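Hello,

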Number of protein chains: 2
Amino acid sequence: MKELRNAILTQGQGIGMDIVKVDMFLNHRLDTGLLFRMGEELARRFREDKPDIVLTVEASGIALALTCARALGDLPVVFAKKSATVVQSADLAQAKVYSFTHKRENVIRVDKKYLPAGSRVLIVDDFLADGQACQGMLALCAQTDCKVVGIGIGIEKGFMPGGKNLRDMGIKLSSLAVVSAIEDGKIILADG
Amino acid sequence: MKELRNAILTQGQGIGMDIVKVDMFLNHRLDTGLLFRMGEELARRFREDKPDIVLTVEASGIALALTCARALGDLPVVFAKKSATVVQSADLAQAKVYSFTHKRENVIRVDKKYLPAGSRVLIVDDFLADGQACQGMLALCAQTDCKVVGIGIGIEKGFMPGGKNLRDMGIKLSSLAVVSAIEDGKIILADG
């Protein structure tokens, strides 16, 4: 997606070997117009797969999931939670995920009644790196007998194994931009 | 807002004396169409105040902030973070807030460069109870020399002190629905 690629190249920052800092438009400050166009593009790519729920994980996945769900005709969004709440359901689907960003293990959880058995789920997230969050969401969908029709990603780190692992599982995975490397603080994007 | 009131009364659940459980449409599963209409209504109430940034706090405030920002002409959204990240800025505005939902103290933080001095900030959140999150966001805006032009809330717990305290400070605060009490598991809404 050309506009996202331009935003990454002009506003993003490469740090070290593997960190893509885009918090000026994607995960701290949100460029609202761009987020909507990203959601529309993901919707275009997955409309044929007829999802009826968009699943993401808090917090920074919520914006892209919501704009994608809007473009798919106001589908409901479900976001998995990273922390227990006082009033949470007793009937939860849960999965362990290691957060690359925060360098710690989280449990993500969803109230099972919000992923009814048989639902066609589109997983959406802002970033894909080692794929832990997506694998966790796949586990949630397995526990609730939902069908995952695809995974839509904002920015994939192509030099990390998450994308390849998911594609090797036969999952339809589509990323709006793929970072192939970070070299001397410069973000290098894959073609296409 | 009539549609939100209906959603609260038909889908919401009152628990104990003070818990309003609306996670089937507002903060775990999102009713996408409703969220957009809520955002449009907040935008209608605050357009005259000419905000140029919408500020919220992760995670469940993000959806309403984004739909409101969309309706205000694609304003940027900034969401305060509850946890430190590996790549965060050294130049942060920070404030302590006690989470009523999670029964613990959090520090919320914003990279100062995303709240430029002189910005006109509209604070948006899904819930207002004791007002800790809003007070924390006011503190962030004070540290960054931003002007808070108003606070837009999805659901206010009118029996908690947060709303009164903010109004007593002279802040323009508008809530789309106000819960006046919970009686035997039934949610009672204030008029209007």
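In which sense do strand β4 (residues 53-57) of chain A and β5(A) pair, and over how many bridges? They pair in the parallel sense, over 4 bridges. Two strands count as paired here if DSSP finds at least two bridges between them. Helices (H or I, at least four residues) and strands (E, at least two) are DSSP runs, numbered from the N terminus. Within this pair, A:Val57 stands opposite A:Ala80 in β5(A).

Before going on, a word on the source: this is a predicted model, in which local features need pLDDT of at least 70 and side-chain atom pairs count only at pLDDT 80 or more, while totals for chains, interfaces and linings use all residues. Residues are numbered from 1 along each chain as its sequence is written, and chains are lettered from A and ligands numbered from 1 in the order in which they are written.

**The sheet**

β4(A) and β5(A) belong to an open sheet of 7 strands, in the order β11(A)-β10(A)-β9(A)-β8(A)-β4(A)-β5(A)-β3(B), with mixed pairing. Its edge strands are β11 (186-189) of chain A and β3 of chain B, each of which pairs on one side only.

**How the two chains meet**

Contact is made between 34 residues of chain A and 34 residues of chain B, where contact means that the C-beta atoms, placed from the backbone, lie within 7 Å. On the chain A side, β2 (19-21), β3 (29-30), α2 (32-46), α3 (61-71) and β5 (77-80) each supply at least two residues. α3(A) gives the most, with 5 residues. The copies meet through the same surface, because 100% of the interface residues of chain A are also interface residues in chain B.

**Chain A as a whole**

Chain A has 5 helices and 11 strands. Its C-alpha atoms fill a box of roughly 50 × 35 × 35 Å, taken along the principal axes. Buried residues make up 52% of its 192 residues; buried means that 20 or more other C-beta atoms lie within 10 Å of a residue's own, exposed that 12 or fewer do, and partly exposed in between, with C-beta atoms placed from the backbone. Among contacts in chain A between residues at least 6 apart in sequence, 62% join residues at least 24 apart.

In α4(A), the buried residues are A:Ala133, A:Cys134, A:Gly136, A:Met137, A:Leu138, A:Leu140 and A:Cys141. After α4(A) comes A:Asp145, with a positive phi near 55°.

In chain B, α2(B) has a number of buried residues, among them B:Leu34, B:Leu35, B:Phe36, B:Met38 and B:Phe46. B:Glu41 is also buried in α2(B).

Enjoy exploring it!

Key
Two residues are in contact if their C-beta atoms, placed from the backbone, lie within 7 Å.
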